[in-house]
Amino acid sequence: MTVEQAQSTKVRVARAWYGAIAVVVAIALVIQIVLILTGGQDANSGSNATGPIGTRLVRLFSFFTIQSNLFVLGTSIALMLNVHRDGKVWRVLRMDALLGIIITGLVYETVLARLVDPQGWALVATIGFHYIAPWATLIGWLVFGPRPRIAWRTTLLAFIWPVLWLVYTFLHGAVTGWYPYPFLDVSEIGLTASIVNSLVVLAIGIVLAIILTLIDHRVPSLVRGRGEDARAADAKV
(Lines give C-alpha, C1' and ligand atoms only; values in the text may rest on other atoms or scores of the structure.)
Protein backbone atom coordinates (compact mmCIF):
# COMPACT_ATOMS: atom_id res chain seq x y z
CA MET A 1 0.00 0.00 0.00
CA THR A 2 1.38 3.39 -1.02
CA VAL A 3 1.52 6.41 1.28
CA GLU A 4 -1.32 8.02 -0.69
CA GLN A 5 -3.49 4.90 -0.36
CA ALA A 6 -2.81 4.66 3.36
CA GLN A 7 -3.76 8.29 3.86
CA SER A 8 -6.90 7.82 1.77
CA THR A 9 -7.92 4.90 4.00
CA LYS A 10 -7.37 6.98 7.13
CA VAL A 11 -9.51 9.76 5.67
CA ARG A 12 -12.36 7.36 4.87
CA VAL A 13 -12.28 5.88 8.37
CA ALA A 14 -12.21 9.36 9.92
CA ARG A 15 -15.18 10.48 7.82
CA ALA A 16 -17.11 7.36 8.82
CA TRP A 17 -16.32 7.98 12.51
CA TYR A 18 -17.52 11.57 12.41
CA GLY A 19 -20.55 10.54 10.40
CA ALA A 20 -21.46 7.98 13.05
CA ILE A 21 -21.19 10.64 15.77
CA ALA A 22 -23.50 12.93 13.77
CA VAL A 23 -26.08 10.13 13.41
CA VAL A 24 -26.04 9.38 17.16
CA VAL A 25 -26.44 13.02 18.16
CA ALA A 26 -29.14 13.65 15.56
CA ILE A 27 -31.15 10.66 16.77
CA ALA A 28 -30.81 11.73 20.40
CA LEU A 29 -31.84 15.28 19.51
CA VAL A 30 -34.92 14.16 17.57
CA ILE A 31 -35.95 11.87 20.42
CA GLN A 32 -35.57 14.66 22.96
CA ILE A 33 -37.50 17.20 20.89
CA VAL A 34 -40.36 14.75 20.42
CA LEU A 35 -40.42 14.03 24.16
CA ILE A 36 -40.47 17.75 24.95
CA LEU A 37 -43.31 18.41 22.49
CA THR A 38 -45.39 15.51 23.82
CA GLY A 39 -44.85 16.20 27.52
CA GLY A 40 -42.36 13.38 27.93
CA GLN A 41 -39.28 13.25 30.11
CA ASP A 42 -36.43 15.70 29.66
CA ALA A 43 -33.14 13.80 29.59
CA ASN A 44 -31.38 16.87 30.96
CA SER A 45 -33.47 17.42 34.08
CA GLY A 46 -35.26 14.10 34.53
CA SER A 47 -38.65 15.82 34.82
CA ASN A 48 -41.56 15.77 32.40
CA ALA A 49 -41.95 18.77 30.10
CA THR A 50 -44.72 21.18 31.12
CA GLY A 51 -45.92 24.62 30.13
CA PRO A 52 -46.37 26.24 26.71
CA ILE A 53 -44.58 24.62 23.78
CA GLY A 54 -42.48 27.73 23.21
CA THR A 55 -41.29 27.72 26.82
CA ARG A 56 -40.43 24.03 26.62
CA LEU A 57 -38.31 24.55 23.51
CA VAL A 58 -36.55 27.62 24.91
CA ARG A 59 -35.66 25.69 28.04
CA LEU A 60 -34.49 22.67 26.03
CA PHE A 61 -32.09 24.73 23.95
CA SER A 62 -30.93 26.64 27.03
CA PHE A 63 -29.17 23.55 28.36
CA PHE A 64 -25.40 23.58 27.89
CA THR A 65 -25.74 19.88 27.08
CA ILE A 66 -27.96 20.56 24.08
CA GLN A 67 -25.86 23.44 22.81
CA SER A 68 -22.61 21.48 23.07
CA ASN A 69 -24.24 18.56 21.26
CA LEU A 70 -25.38 20.93 18.51
CA PHE A 71 -21.78 22.07 18.10
CA VAL A 72 -20.76 18.42 17.87
CA LEU A 73 -23.52 17.66 15.36
CA GLY A 74 -22.58 20.54 13.08
CA THR A 75 -18.83 20.00 13.18
CA SER A 76 -19.17 16.23 12.80
CA ILE A 77 -21.31 16.63 9.69
CA ALA A 78 -18.77 19.08 8.31
CA LEU A 79 -15.87 16.68 8.99
CA MET A 80 -17.79 13.80 7.49
CA LEU A 81 -18.16 15.80 4.28
CA ASN A 82 -14.62 17.19 4.31
CA VAL A 83 -12.24 15.97 7.00
CA HIS A 84 -9.65 18.53 5.89
CA ARG A 85 -11.96 21.48 6.59
CA ASP A 86 -10.12 24.46 8.03
CA GLY A 87 -10.36 28.19 8.62
CA LYS A 88 -10.16 30.67 11.50
CA VAL A 89 -13.86 30.52 12.39
CA TRP A 90 -13.96 26.79 11.84
CA ARG A 91 -11.14 26.21 14.32
CA VAL A 92 -13.02 28.10 17.04
CA LEU A 93 -16.23 26.17 16.35
CA ARG A 94 -14.36 22.88 16.43
CA MET A 95 -12.70 23.81 19.72
CA ASP A 96 -16.09 24.83 21.14
CA ALA A 97 -17.53 21.46 20.15
CA LEU A 98 -14.62 19.54 21.63
CA LEU A 99 -14.32 21.49 24.86
CA GLY A 100 -18.06 21.86 25.39
CA ILE A 101 -18.90 18.20 24.92
CA ILE A 102 -16.08 17.05 27.23
CA ILE A 103 -17.39 19.37 29.95
CA THR A 104 -20.88 18.00 29.30
CA GLY A 105 -19.71 14.45 29.81
CA LEU A 106 -17.68 15.21 32.92
CA VAL A 107 -20.31 17.34 34.66
CA TYR A 108 -23.07 14.84 33.93
CA GLU A 109 -21.08 11.90 35.21
CA THR A 110 -19.78 13.61 38.36
CA VAL A 111 -22.71 15.86 39.33
CA LEU A 112 -25.94 15.31 37.44
CA ALA A 113 -26.23 11.56 36.84
CA ARG A 114 -27.29 10.85 40.42
CA LEU A 115 -29.92 13.60 40.31
CA VAL A 116 -31.88 12.39 37.28
CA ASP A 117 -33.45 9.05 36.44
CA PRO A 118 -34.15 8.93 32.70
CA GLN A 119 -36.46 6.17 31.54
CA GLY A 120 -37.38 4.72 28.15
CA TRP A 121 -36.64 6.99 25.23
CA ALA A 122 -35.23 9.65 27.55
CA LEU A 123 -32.59 7.13 28.57
CA VAL A 124 -31.73 6.57 24.91
CA ALA A 125 -31.29 10.32 24.44
CA THR A 126 -29.21 10.51 27.62
CA ILE A 127 -26.86 7.82 26.40
CA GLY A 128 -26.39 9.68 23.12
CA PHE A 129 -25.95 13.14 24.66
CA HIS A 130 -23.95 12.34 27.77
CA TYR A 131 -22.02 9.16 27.09
CA ILE A 132 -21.50 8.46 23.38
CA ALA A 133 -21.11 12.01 22.03
CA PRO A 134 -18.51 13.24 24.57
CA TRP A 135 -16.11 10.35 24.45
CA ALA A 136 -16.58 9.44 20.77
CA THR A 137 -15.81 13.06 19.93
CA LEU A 138 -12.71 13.10 22.11
CA ILE A 139 -11.48 9.76 20.77
CA GLY A 140 -12.09 10.88 17.19
CA TRP A 141 -10.09 14.06 17.75
CA LEU A 142 -7.24 12.22 19.51
CA VAL A 143 -6.96 9.59 16.79
CA PHE A 144 -7.91 11.38 13.58
CA GLY A 145 -7.55 15.07 14.34
CA PRO A 146 -6.87 16.73 11.98
CA ARG A 147 -4.05 18.39 13.88
CA PRO A 148 -2.47 20.85 14.44
CA ARG A 149 -5.41 23.22 14.35
CA ILE A 150 -5.56 25.06 17.70
CA ALA A 151 -3.64 28.29 18.25
CA TRP A 152 -3.69 29.88 21.69
CA ARG A 153 -5.86 32.64 20.26
CA THR A 154 -8.27 29.98 19.04
CA THR A 155 -8.42 28.61 22.57
CA LEU A 156 -9.17 32.07 23.97
CA LEU A 157 -11.90 32.77 21.42
CA ALA A 158 -13.52 29.43 22.17
CA PHE A 159 -14.50 30.74 25.61
CA ILE A 160 -16.78 33.43 24.17
CA TRP A 161 -19.64 30.95 23.88
CA PRO A 162 -19.39 29.44 27.40
CA VAL A 163 -19.14 32.90 28.99
CA LEU A 164 -22.12 34.17 26.99
CA TRP A 165 -24.04 31.03 27.98
CA LEU A 166 -23.41 31.77 31.66
CA VAL A 167 -24.51 35.38 31.26
CA TYR A 168 -27.65 34.29 29.42
CA THR A 169 -28.38 31.60 32.02
CA PHE A 170 -28.28 34.04 34.93
CA LEU A 171 -30.25 36.72 33.10
CA HIS A 172 -32.86 34.24 31.89
CA GLY A 173 -33.10 32.77 35.37
CA ALA A 174 -33.50 36.18 36.97
CA VAL A 175 -36.44 36.91 34.67
CA THR A 176 -38.16 33.52 34.64
CA GLY A 177 -36.96 31.86 37.85
CA TRP A 178 -35.86 28.81 35.82
CA TYR A 179 -32.28 27.54 35.77
CA PRO A 180 -31.07 24.58 33.69
CA TYR A 181 -28.94 22.95 36.40
CA PRO A 182 -29.29 22.63 40.20
CA PHE A 183 -25.75 23.88 40.84
CA LEU A 184 -26.68 27.17 39.10
CA ASP A 185 -30.14 27.59 40.61
CA VAL A 186 -29.95 30.94 42.39
CA SER A 187 -33.40 30.48 43.94
CA GLU A 188 -32.27 27.24 45.61
CA ILE A 189 -28.62 27.75 46.57
CA GLY A 190 -28.21 31.51 46.35
CA LEU A 191 -26.33 33.81 43.99
CA THR A 192 -22.93 33.46 45.66
CA ALA A 193 -22.91 29.66 45.52
CA SER A 194 -24.16 29.73 41.92
CA ILE A 195 -21.37 32.08 40.87
CA VAL A 196 -18.75 30.01 42.70
CA ASN A 197 -20.00 26.84 41.00
CA SER A 198 -19.87 28.62 37.64
CA LEU A 199 -16.28 29.71 38.24
CA VAL A 200 -15.29 26.18 39.25
CA VAL A 201 -16.70 24.73 36.03
CA LEU A 202 -15.09 27.56 34.05
CA ALA A 203 -11.74 26.85 35.72
CA ILE A 204 -12.05 23.18 34.81
CA GLY A 205 -12.78 24.25 31.26
CA ILE A 206 -9.66 26.42 31.17
CA VAL A 207 -7.50 23.52 32.37
CA LEU A 208 -9.04 21.21 29.78
CA ALA A 209 -8.55 23.81 27.05
CA ILE A 210 -4.86 24.17 27.91
CA ILE A 211 -4.41 20.39 27.84
CA LEU A 212 -6.21 20.09 24.49
CA THR A 213 -4.13 22.90 23.01
CA LEU A 214 -0.85 21.34 24.16
CA ILE A 215 -1.91 17.97 22.73
CA ASP A 216 -2.83 19.68 19.47
CA HIS A 217 0.64 21.27 19.28
CA ARG A 218 2.67 18.21 20.21
CA VAL A 219 0.82 15.02 19.28
CA PRO A 220 0.35 14.18 15.59
CA SER A 221 -2.91 12.77 14.26
CA LEU A 222 -3.65 10.20 11.58
CA VAL A 223 -5.23 12.85 9.34
CA ARG A 224 -3.24 15.95 8.46
CA GLY A 225 -3.77 18.95 6.22
CA ARG A 226 -3.40 18.70 2.46
CA GLY A 227 0.20 19.78 1.93
CA GLU A 228 -0.16 22.69 4.30
CA ASP A 229 2.14 23.83 7.03
CA ALA A 230 -0.59 23.82 9.66
CA ARG A 231 1.64 25.03 12.44
CA ALA A 232 2.63 28.07 10.45
CA ALA A 233 -1.04 28.70 9.68
CA ASP A 234 -1.88 28.45 13.38
CA ALA A 235 0.79 31.01 14.24
CA LYS A 236 -0.92 33.50 11.91
CA VAL A 237 -4.39 33.03 13.41
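I count Lys and Arg as positive and Asp and Glu as negative, leaving out His and the chain ends. Each charge is placed at NZ of Lys, CZ of Arg, CG of Asp or CD of Glu.

**Ground rules.** I am working with a predicted model, where local features need pLDDT of at least 70, side-chain atom pairs count only at pLDDT 80 or more, and totals for chains, interfaces and linings use all residues. Residues are numbered from 1 along each chain as its sequence is written, and side-chain values use heavy atoms, without hydrogens and water.

**Charges.** I looked up the charged side chains and found 18 positive and 12 negative ones in the chain. The centres of the two sets are 9 Å apart.

**Fold.** I went through the secondary structure next and found 10 helices and zero strands (DSSP runs, H or I of at least four residues for helices, E of at least two for strands, numbered from the N terminus). The radius of gyration, over C-alpha atoms, is 19 Å, close to the 18 Å from the globule rule for 237 residues, so the chain is as compact as a globular protein of that length. That rule is 2.2 Å times the number of residues to the power 0.38. I also noted the box filled by the C-alpha atoms, roughly 60 × 35 × 30 Å along the principal axes.

**Inside.** I see that 47% of the 237 residues are buried (under 20% relative accessible area, 1.4 Å probe, protein chains only).

**One residue.** I picked Arg91, which sits in helix H4, residues 88-112. Arg91 is buried, at a relative accessible area of 4%. Its side chain comes to 3.3 Å from the backbone oxygen of Arg149.

How values were computed. Buried means under 20% relative accessible area, exposed over 50%, partly exposed in between (1.4 Å probe, protein chains only). A polar contact is a pair of N or O atoms within 3.5 Å; within protein, one must be able to donate a hydrogen and the other to accept it, and residues adjacent in sequence count only if both atoms are side-chain atoms.
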